[in-house]
Amino acid sequence: MPRILLLGGTSEASQMARVLANSGADAVFSYAGRTTAPVSQPLPTRIGGFGGVTGLAAYLRAENITHVIDATHPFAAQMSANAVAACGMTNVALCALERPAWRAGPDDTWLSVPNTETAVQALPDSPVRVFLAIGKQTLSAFSHKSQHFYLLRLVDAPDTPLPLPRAQAVIARGPFTEAEDLALLRTHAITHIVAKNAGGTGARAKLDAARVLGLPVILIDRPAVPPRAVRHSVEAVMNWLAHGAEAGTTTERGV
């Protein structure tokens, strides 16, 4: 019987966990441990890192894992790269449950940039009010344009001072609605949005709200991940598990 490691942290991972639990699958859910109160899952759960590629490979062997489902955030590139390498070392089948990237519509004003540094450069020099929807890992890069006001939305309250002199944090856990994000942007008189192209529906509301208000969005492209099998829905991953989920197929992409 397959034994599955589900690398989680997204709403899609929680959906995947429910389907696996309902199907009676032998599966373990893994959180990276970046939030203090992660969402409870219907599967046995572990929290914390593995110790790089060698640590993850050792875990796969010790726990007799036969299949890995990578449902981590699209910007968790290091974890995804580690999963590709570790599964290759241990001959474990791997599939990513990956959100399709967001695409601009005719009424959107988006500027796509390759990384955080270019997002900083793309902001104007004169002071503006920015909704900085990128989490807390790379905030310090924006200290180079400290003249701006930055609104942050975080799952957990920061435990150290923010690295930005003019910043305010709102503590909230998504998904969010367009009406909620319209109210947020209006309340804080936001003029610009910086976000990661995470895809999915749970965090899209800010982009829909930006369209309504005619606000420019600076959207950071996803980091590169080594080739691997990819599916874009829970149903497609379940089909992968049932049909042809073989080790060594990590170069397959698509639906």
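Before we look at the sheet, let me say what pairing means here: two strands pair if DSSP finds at least two bridges between them. Please keep in mind throughout that what we have on the screen is a predicted model.

With that in hand, consider strands S2 and S3, which pair in the parallel sense over three bridges, and in which Tyr-31 has Ile-47 of S3 as its bridge partner. These two strands belong to an open sheet of six, arranged in the order S3-S2-S1-S4-S5-S12 with parallel pairing. At its edges lie strand S3 (45-47) and strand S12 (229-231), each of which pairs on one side only, and neighbouring strands are turned against each other by 25° on average, if direction is ignored. Helix H3, residues 77-90, packs on this sheet and touches S1, S4 and S5, and its direction makes about 160° with that of S5.

Let me turn to the interior. In soluble globular proteins, nonpolar side chains tend to be buried together. Here the largest nonpolar core has 20 residues, and those with the most contacts inside it are Leu-6, Met-16, Leu-20, Ile-69 and Trp-240. Among the elements that give two or more residues to this core are strand S1, helix H1 and helix H7. What does Leu-20 touch, leaving aside residues up to four places away in sequence? Its contacts include Ile-4, Leu-6, Ile-69 and Met-238.

Finally, the whole protein, which has seven helices and 12 strands. Its radius of gyration is 19 Å, close to the 18 Å that the globule rule gives for 255 residues, so the protein is as compact as a globular protein of that length. Of those 255 residues, 47% count as buried.

Note on methods: Residues are numbered from 1 along each chain as its sequence is written. This is a predicted model: local features need pLDDT of at least 70, side-chain atom pairs count only at pLDDT 80 or more; totals for chains, interfaces and linings use all residues. Side-chain values use heavy atoms; hydrogens and water are left out. A nonpolar core is a set of buried Ala, Val, Leu, Ile, Met, Phe, Trp, Tyr and Cys residues joined through side-chain atoms within 4.5 Å. Buried means under 20% relative accessible area, exposed over 50%, partly exposed in between (1.4 Å probe, protein chains only). Helices (H or I, at least four residues) and strands (E, at least two) are DSSP runs, numbered from the N terminus. Contact means heavy atoms within 4.5 Å. Axes are lines fitted to C-alpha atoms, for helices over the stretch in contact, and angles run from 0 to 180 degrees between N-to-C directions. The radius of gyration is taken over C-alpha atoms; the globule rule is 2.2 Å times the number of residues to the power 0.38.
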